[in-house]
Amino acid sequence: MKVAIASYGAGNVRSVELALRKLGAEPRLVHEPEPLLAADLAVLPGVGSAASAMAGLRERGLDEALRERAGAERPILGICLGLQLALEETEEDGGVAGLGLVPGRAVRLRAGRVPRIGWAPVDPSGEAYWFAHSYACETPAATATSEGIAAVVESDSFLGVQFHPEKSGAAGLRFLERMCLSRA
Amino acid sequence: MPLPRLIPCLDVAAGRVVKGVRFQGLRDVGDPVELGAAYSDAGADELVFLDVSATLEARGSAVEVAARVAEEVSIPFTVGGGIRSVEDATAVLEAGADKVSVNSAALARPELIGELAEVLGTQAVVVAIDTEAGRVRSHSATRDAERDTVAWARECEERGAGELLVTSIDRDGTREGYDVELLARLRDSVSLPVIASGGAGSAAHVAAALDVAQAALLASILHENPARLVSLRDELRALGVALRDAA
């Protein structure tokens, strides 16, 4: 399976690539719209802060490509900030408009230690995955939660995860296999 | 709150894991990838690789170590030591690390913290604070940084740090227990996660640190022995610490 990983700024996207390769997929970092549209699965990883990330997507025309993919109901996986960018807006950086692929907005975490970093169980499965975030999704499309926070978001062909499956050991790889590769 | 974290720390020089007392007399104790993978299998929640190379030439290897570790280990890891710029940090993250840790460079130029947070996201920026008697130390703890530890912790948070890695130099290597009093003051002063470091000698010490901090850095208590991490996790569970089921 050909997987296009949107590359649009500085951050650890190599771990996403390595995890997908371990699972037998053919991942590739892409910087332009065409290969993102052509792939079987597109991955929107989260890198940097919301404003710099949206600017990075726009500069490369990847924002329109992602909307086009969603419009054609082709699979997209958003990870962490990549999930939050898919919403209509985020509070981060004084308010940034998102891609609008999924209803809802990202709001700053107000309880507990922020950033929320570490392994936390996700309900209903109870499996723990690794999180690292300061904002969380308020969306009707959440299908799994962690301590009341949206952990998995599903809307048509878009699947978003607040945690990092690529950094969540064997549990993360199982999640990617089950939720992405076997469905795309 | 996420589960408390156990974070083995590996000192690396010229691409090898080394062991030494206070950065003196380093001796080779293994390969960072092999040891990192073994700790991951033993239930580590994250890993920290600290480059303690004495020279800039040897430090170039930190990026290479990050790249090799990322291929074999699928839990989060932090790389620290010698990171002085956004470019240095970006190279380490693009190689596959999840966070960078900065120490003396942030003390010399505190704006660096905000610059890193803007480009990499706040969650990727760990500020390491070496502290002794409530004061910050710099340059591998050899110099007085002329700052109060709690005040510097607050400033790091304001500038965009995502976590604080707080090492009590007066406890480091003593096995007398973490400086729980300082950790409690930090808990009440900042809202960031705090990683406790320095002084672990027993499971009870680690449990006491995890009562007031979100994570415990494990160095000499493990003796570069992943099997010790397995037994430590069992002992912590018996003390009532809720650890992740790492199966």
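This is a predicted model: local features need pLDDT of at least 70, side-chain atom pairs count only at pLDDT 80 or more; totals for chains, interfaces and linings use all residues.
Me: What share of the residues in chain A is buried?

Reply: Of the 184 residues in chain A, 58% are buried. As for contacts in chain A with a separation of 6 or more, 64% of them are between residues 24 or more positions apart.

Me: Let me pick one residue, A:Glu26. Which strand is it in, and is it buried or exposed?

Reply: A:Glu26 is found in strand E2 of chain A, which covers residues 26-30. A:Glu26 counts as exposed because 12 other C-beta atoms lie within 10 Å, and a residue is classed as exposed at 12 or fewer.

Me: What is A:Glu26 in contact with, leaving aside neighbours within four places in sequence?

Reply: With those neighbours set aside, A:Glu26 is in contact with A:Met1, A:Lys2 and A:Val3. Taking A:Lys2 from that list, its C-alpha is 4.9 Å from that of A:Glu26, although the two residues are 24 apart in sequence.

Me: Switching to sheets, in what order do the strands of the open sheet in chain A come?

Reply: The order is E6-E5-E7-E10, four strands in an open sheet of chain A with mixed pairing. Strand E6 (96-97) and strand E10 (135-138) stand at the edges, each with a single partner strand, so one side of each is left without a neighbour in the sheet.

Me: How many bridges join E7 to E10 there?

Reply: Four bridges join strand E7 (residues 105-108) of chain A to E10(A), and the two strands run antiparallel. Within E10(A), the residue opposite A:Val107 is A:Ala136.

Me: Last topic, the other chain. How many residues of chain B are in contact with chain A?

Reply: On the chain B side 31 residues take part, and they are in contact with 31 residues of chain A. Helix H3 (61-72), helix H4 (86-94) and helix H6 (111-120) of chain B each supply at least two residues of the side that touches chain A.

Me: And how do the residues on that side of chain B divide?

Reply: The side of chain B that touches chain A has 13 nonpolar, nine polar and nine charged residues.

Terms used. Residues are numbered from 1 along each chain as its sequence is written. Chains are lettered from A and ligands numbered from 1 in the order in which they are written. A residue is buried if 20 or more other C-beta atoms lie within 10 Å of its own, exposed if 12 or fewer, and partly exposed in between; C-beta atoms are placed from the backbone. Two residues are in contact if their C-beta atoms, placed from the backbone, lie within 7 Å. Ala, Val, Leu, Ile, Met, Phe, Trp, Tyr, Cys and Pro count as nonpolar, Asp, Glu, Lys and Arg as charged, and the others, Gly among them, as polar. Two strands pair if DSSP finds at least two bridges between them.
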